Amino acid sequence: MKQLFASFGVKISNFQSLCYNCIEIYFSAVTPSSTGGQPVEAYYMARDKIPYRKSTVVILINTILYKSVIVLLGVTGMLIFPKLIFQNGWLFTTLMLGGLILNIIVILLFSFLIYSDTLPKKIMKLGIRLLSFFHLLKPEEQQKKTEELDEVLKDYHTCAEFTKNNPKIMLKSFIMIFFQRLSQFMISYFIYRAFHLSGYSFLAIIFLQVAITQATDCVPFPGGVMVGETLTLQINKLIYGANYAFSSMLLLRGISFYFLVFLSSILFVIYHFIGGKKKYDRNL
């Protein structure tokens with residue numbers, strides 16, 4: 001995130017970058033289908049006076065790259081370990097494929113929002129009409145807001161075109177996110193080895209964790225917590241055996257989810273009260 005902002009001429013600190021991501025993690029965990037993370041993240045960026053036309057592009061690109069990593073790993077796992085991935089019942093398979101399809105749809109939709117010349121304008125103008133229809137925007141203000149929107153979209157597309165014409169930035173960000181996500185999936189393997197178990201390879205355990213993540217993405221519950229833990233317990237019975245399934249699930253979810261959410265909540269509270277002191281020029 002810091003790298004993407006820097007490419008647009010906006011400098012943020014390592015602490016800010018960490019806190020923005022923690023805000024996204026925390027609110028994604030407590031809202032249906034993880035929908036609250038990006039809007040709240042955008043709010044705090046706006047509070048720091050980061051130009052929203054730039055913050056929007058960064059958030060969308062970050063989401064596209066994250067989803068792309070999950071799709072890449074998910075499809076790779078299905079190709080390398082088809083029997084292992086598809087042997088866990090029709091419900092798990094349905095949710096996993098549904099999550100894969102949903103992630104692909106999100107990637108395509110967000111890509112259109114970034115690089116399409118007409119779709120963002122149509123969506124925003126529709127929003128202006130809706131505001132006018134519900135009398136939240138005065139008729140005499142509609143033309144002014146439309147003109148302001150056109151100016152914003154010009155800068156928005158300038159940022160989008162910059163990423164399109166500089167693929168090295170996108171590739172570097174993709175590689176960073178790839179290894180960041182891989183490090184989280186590796187936790188299950190370390191727990192597996194800590195129990196002195198063997199039989200499943202490193203890659204097999206990694207791709208099973210990816211399948212759980214995809215299946216969880218398909219469920220419209222707050223953060224998919226209940227479904228995530230149920231699926232984790234089901235897969236852990238396969239990997240760890242019945243004796244270690246529950247304890248391994250507690251360790252895995254405790255380290256990779258609850259600890260992360262707890263830490264993110266603390267950093268969110270800290271940043272809420274002490275962050276945002278440095279303001280940025282909207283004309284950057």
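This is a predicted model: local features need pLDDT of at least 70, side-chain atom pairs count only at pLDDT 80 or more; totals for chains, interfaces and linings use all residues.

Visitor: Why is Gln-214 called buried?

Guide: Buried means under 20% relative accessible area, exposed means over 50%, and partly exposed is in between, with a 1.4 Å probe and protein chains only. Gln-214 has a relative accessible area of 0%, so it is buried.

Visitor: Which residues is Gln-214 in contact with, leaving aside its neighbours within four places in sequence?

Guide: Contact means heavy atoms within 4.5 Å. By that rule Gln-214 is in contact with Ile-70, Val-71, Gly-74, Met-78, Leu-95, Met-96, Gly-99, Leu-100 and Asn-103.

Visitor: How many helices and strands does the protein chain have?

Guide: Helices are DSSP runs of H or I with at least four residues, strands are runs of E with at least two, and both are numbered from the N terminus. The protein chain has twelve helices and zero strands. Of its 284 residues, 46% are buried. Among contacts with a separation of 6 or more, 75% are between residues 24 or more positions apart.

Visitor: What makes a nonpolar core?

Guide: A nonpolar core is a set of buried Ala, Val, Leu, Ile, Met, Phe, Trp, Tyr and Cys residues joined through side-chain atoms within 4.5 Å. The largest one here has 67 residues, and Phe-5, Tyr-20 and Phe-92 touch the most other members. Helix H4 (residues 52–80) gives the most to this core, with twelve residues. Leaving aside neighbours within four places in sequence, the contacts of Phe-5 include Met-45, Ile-50 and Val-58.

Visitor: Which residues of helix H3 are buried?

Guide: In H3 (residues 37–47) they are Gly-37, Gln-38, Glu-41, Tyr-44 and Met-45.

Visitor: How do you know that the buried residues of H3 line one face of the helix?

Guide: The arc is taken over the directions from the helix axis to the C-beta atoms. Seen down the axis of H3, the buried residues fall within an arc of 125°, so they line one face. An α-helix has 3.6 residues a turn, so residues three or four places apart point the same way. What covers the buried residues of H3 includes helix H1 (2–7), helix H2 (14–29), H4 and helix H12 (245–274).

Visitor: Where does His-196 lie, and why is it called exposed?

Guide: His-196 lies in the loop between helix H9 (167–194) and H10. Its relative accessibility is 74%, and the limit for exposed is over 50%, so His-196 counts as exposed. Phi of His-196 is also positive, near 60°.

Visitor: What makes a group of residues a nonpolar patch?

Guide: Patches are made of residues with over 30% relative accessible area and no salt bridge; like charges are joined within 9 Å, and nonpolar side chains (Val, Leu, Ile, Met, Phe, Trp, Tyr) within 5 Å. A salt bridge is a side-chain nitrogen of Lys or Arg within 4 Å of a carboxyl oxygen of Asp or Glu. The nonpolar patch here includes Phe-15, Leu-18, Phe-259 and Ile-274, and its residues together have about 940 Å² of accessible area. Accessible areas come from the Shrake-Rupley method with a 1.4 Å probe; for residues, only the protein chains shown count as cover. The elements that give two or more residues to the patch are H2 and H12, and the largest share, eight residues, comes from H12.

Visitor: Why is Phe-15 called partly exposed?

Guide: Phe-15 lies in helix H2. Its relative accessibility of 36% is between the limits of 20% and 50%, so Phe-15 counts as partly exposed.

How values were computed:
Residues are numbered from 1 along each chain as its sequence is written. Side-chain values use heavy atoms; hydrogens and water are left out.
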